[in-house]
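Work through the exercises below with the sequence and the model side by side. Try each task before reading its solution.

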Amino acid sequence: MAGVGETKWQKDAADQNFDYMFKLLIIGNSSVGKTSFLFRYADDSFTSAFVSTVGIDFKVKTVFRHDKRVKLQIWDTAGQERYRTITTAYYRGAMGFILMYDVTNEESFTSIQDWITQIKTYSWDNAQVILVGNKCDMEDERVISFERGKHLAESLGVEFFETSAKDNVNVKGVFERLVDIICDKMSESLDSDPNLVAGPKGTRLTEQPQRNNPINPNCNC
């Protein structure tokens, strides 16, 4: 699937009908609702019958923010440990991360620190992160309070939302806020940041040089 995804990504990237192009990743433990969250945003659909994502897949959505046409490439990553080598290869060049846990699952919440470490290790320093507590519709099964999620986000220095892909709560708001944060960061840095370059159809963020794989120093994946 990863190879197919790259082919689709390359084809889509060739479409120049946009002002900005942002690569976003949804990450977190398996079964926190990443795929449902993406489908709710991209297709306004929901099903509880998704099987676990194998490797990585993505959808494309074009939005208008502040009179700019923004193309979003939103990557849905597998949460299982056995796919971690595949998925972390896609962190490079990502402008934003939706870091998700399940409010009914303590383990998914305690794993957030590990995912933050992954972001710091494999993404570029200026990537923006929003912490999301998903499945807030399942109030009777909740084990992570809103206050705990908010406190963790504050300790990490990121913004926080609780969401429900099923009930379509705050899904659009998370993406809009992440796009706004990235746009604000770009406008602050456009003149001085060497990672920002002007293109013929607008401005996009360029990817940083590849970092060596700590497991295999000869691999630049």
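Buried means under 20% relative accessible area, exposed over 50%, and partly exposed in between (1.4 Å probe, protein chains only). Helices (H or I, at least four residues) and strands (E, at least two) are DSSP runs, numbered from the N terminus. The model is predicted: local features need pLDDT of at least 70, side-chain atom pairs count only at pLDDT 80 or more, and totals for chains, interfaces and linings use all residues. Residues are numbered from 1 along each chain as its sequence is written, and side-chain values use heavy atoms, with hydrogens and water left out.

**Exercise 1. Overview**

Task: State how many helices and strands the protein has, and what percentage of its residues count as buried.

Solution. Start with the elements: there are seven helices and eight strands. Then take burial: 48% of the 221 residues count as buried.

**Exercise 2. Strand β3**

Task: Explain why strand β3 is largely enclosed by the rest of the structure, and find how it pairs with strand β1.

Solution. Step one: locate β3 at residues 68-77. Step two: eight of its 10 residues are buried, so the rest of the structure largely encloses this strand. Step three: turn to β1, residues 20-28, which pairs with β3 in the parallel sense over seven bridges. Strands count as paired if DSSP finds at least two bridges between them. Step four: pick out Phe22, which stands opposite Leu72 in β3.

**Exercise 3. The cores**

Task: Identify the residues with the most contacts inside the largest nonpolar core, and the element that gives the largest share of this core.

Solution. A nonpolar core is a set of buried Ala, Val, Leu, Ile, Met, Phe, Trp, Tyr and Cys residues joined through side-chain atoms within 4.5 Å. The largest has 28 residues, and Phe22, Leu72, Ile98 and Phe175 have the most contacts inside it. Among the elements giving two or more residues are β1, β3 and α7 (171-189). Helix α7 gives the largest share, nine residues. Apart from this core lies another, of 25 residues, including Leu25 and Val158.

**Exercise 4. Glu162**

Task: Decide whether Glu162 is buried or exposed, and name the residue whose side chain it joins in a polar contact.

Solution. Glu162 sits in strand β6, residues 159-162. Its relative accessibility is 9%, so Glu162 counts as buried. Its side chain makes a polar contact of 2.7 Å with that of Arg142. Such a contact is a pair of N or O atoms within 3.5 Å; within protein, one must be able to donate a hydrogen and the other to accept it, and residues adjacent in sequence count only if both atoms are side-chain atoms.
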